[in-house]
Amino acid sequence: MAENSKSVLLPIVAAAVFAGLGRMVFQKVKADRLARETRVAGPVDEKTRQWISDVVRTPRQ
């Protein structure tokens with residue numbers, strides 16, 4: 001009688017998919033951390049915040 005052979009392909013494909021997803025998540029976390037550390041805009045004081053608010057709300061002529 002022939003024994004049922006277990007396929008090796010499915011676990012290999014599953015491992016490759018999970019490795020790829022893990023790598024994508026790792027790259028996303030790394031990019032977010034780098035972007036947070038090297039942000040161009042610094043803290044905004046109240047006067048600048050108010051000026052930006054006025055400029056955004058005032059329609060152009």
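Two helices and 0 strands make up the secondary structure of the chain, as seen in a predicted model. Helix 1 covers residues 9-37, and helix 2 covers residues 46-57. As for how much is tucked away, 0% of the 61 residues count as buried. The chain exposes about 6600 Å² in total, and 63% of that comes from carbon and sulfur atoms.

Some of that surface is a nonpolar patch, put together by Leu9, Val13, Val17, Phe18, Leu21 and Met24. Val13 is called partly exposed because its relative accessibility is 41%, and partly exposed is the label between under 20% (buried) and over 50% (exposed).

Then there are the charged pairs: the chain has 2 salt bridges. One links the side chains of Lys28 and Asp32, with 3.1 Å from N to O. Both Lys28 and Asp32 belong to helix 1, where they are 4 residues apart, or about one turn of the helix. Asp32 has a relative accessible area of 35%, so it counts as partly exposed.

Another salt bridge joins Arg49 to Glu46, and here the closest N and O atoms are 4.0 Å apart. This pair lies in helix 2, with Arg49 and Glu46 spaced 3 residues apart, again about one turn of the helix. The two partners get separate labels: Arg49, at 49% relative accessibility, is partly exposed, whereas Glu46, at 54%, counts as exposed.

Definitions and conventions:
Residues numbered from 1 in each chain as written. Predicted model: local features only at pLDDT ≥ 70, side-chain atom pairs only at ≥ 80, totals over all residues. Heavy atoms only, no water. Patch = residues over 30% accessible without salt bridge, like charges linked within 9 Å, V, L, I, M, F, W, Y side chains within 5 Å. Areas by Shrake-Rupley, 256 points an atom, 1.4 Å probe, with all protein chains shown as cover. Buried < 20%, exposed > 50% of the residue type's maximum accessible area, 1.4 Å probe, protein only.
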